[in-house]
Amino acid sequence: DMGRWATRAYREGWPRAQLEQLMTLLEADSTDELGQRLVMLQRVGRMRGEVVEVVTEAEAIQEDAARRARTASEAARIASQRAAAAKKEADGLVAEQRAEIQRLQNLLATSKDAAARAEKQADRLEAARRIAKQRRLAAEAASRSGRRNVVTGPVGTCSGGDVSRYPNGNIPLEALCPLWGAPGHYLRADAALAFDSLSEAYAAQFGEPICVTDSYRALGVQVRLRASKPTLAAVPGTSNHGWGTAVDLCGGIQDFGTPTYAWMQANAPLYGFFNPSWAQQSGSRPEAWHWEYGG
């Protein structure tokens, strides 16, 4: 054995394990002890082989566990990223949903307010129409009955004069009041104040005062109009223009169905002015431009 070891050592170098075996054998004192030591070395070799196998298996298990741990860690990292992205997307959707709900709630509140205001406006307009109808009927009845021309409503800074002393179409301009935004036009004091207030409201809506083509009409003018337009002009001495309580309008109001005419229909009665029944589109003598003060 020693010869073979020496030959191998010479050729290949001396492995550590063989060197340890040789040293163990050389320390033996007799051939019996040498045999015992050989048996011991064989046992130690087998044990070392078993230990190596165990260690190798343990290392393989450890490597597999490490690989699985790395795989699990990577999977956990990807899952965490996906969860974070999903949470961010969900948070965005929730925020959008909340904003949409808030917008719809605001829209609902606005709609409710608008509906309430529209209902109140409709109630006011209906009340105004009833009042205007009553005024119109009273004014037309008074006109037919030959009532004296007297101031019945409030007056402004211009109080005019006692128009009851003058026949139709014979009222001096000093007893009447000029109209705001309509130079050269006059009405009875109370009619002038009402018309000025109406014209100011109209200007707030359309940006300019009400356009006027005719207001108080003297008797001589009534005669000329009757001669030129016998089917349109009133009998001289009976025209509401001659009492200073009627106006003829322009700026679109002279045509049925225009925005300005519709606005007048809705708002003029609130100030005491109306398009009389005979002058309306379905009346006996349609005149969209003719408006009268109800007193």
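Visitor: By about how much of the helix are Arg 67 and Asp 64 separated in helix 3?
Guide: In this predicted model, local features need pLDDT of at least 70 and side-chain atom pairs count only at pLDDT 80 or more, while totals for chains, interfaces and linings use all residues. Residues are numbered from 1 along each chain as its sequence is written, and side-chain values use heavy atoms, with hydrogens and water left out. Helices (H or I, at least four residues) and strands (E, at least two) are DSSP runs, numbered from the N terminus. Because Arg 67 and Asp 64 lie three residues apart in helix 3 (residues 31–145), their separation is about one helical turn.

Visitor: What is the N to O distance where the side chains of Arg 67 and Asp 64 meet?
Guide: A salt bridge requires a side-chain nitrogen of Lys or Arg within 4 Å of a carboxyl oxygen of Asp or Glu. The side chains of Arg 67 and Asp 64 form such a salt bridge, with an N to O distance of 2.3 Å.

Visitor: Which strands stand at the edges of the open sheet?
Guide: Four strands, in the order 3-4-6-5, make up an open sheet with antiparallel pairing, where two strands pair if DSSP finds at least two bridges between them. Each edge strand has a single partner strand, so one side of each is left without a neighbour in the sheet; these are strand 3 (212–214) and strand 5 (273–274).

Visitor: Which residue of strand 6 is the bridge partner of Ala 246?
Guide: Strand 4 (residues 246–249) and strand 6 (residues 290–293) run antiparallel and are joined by three bridges. In strand 6, the partner of Ala 246 is Glu 292.
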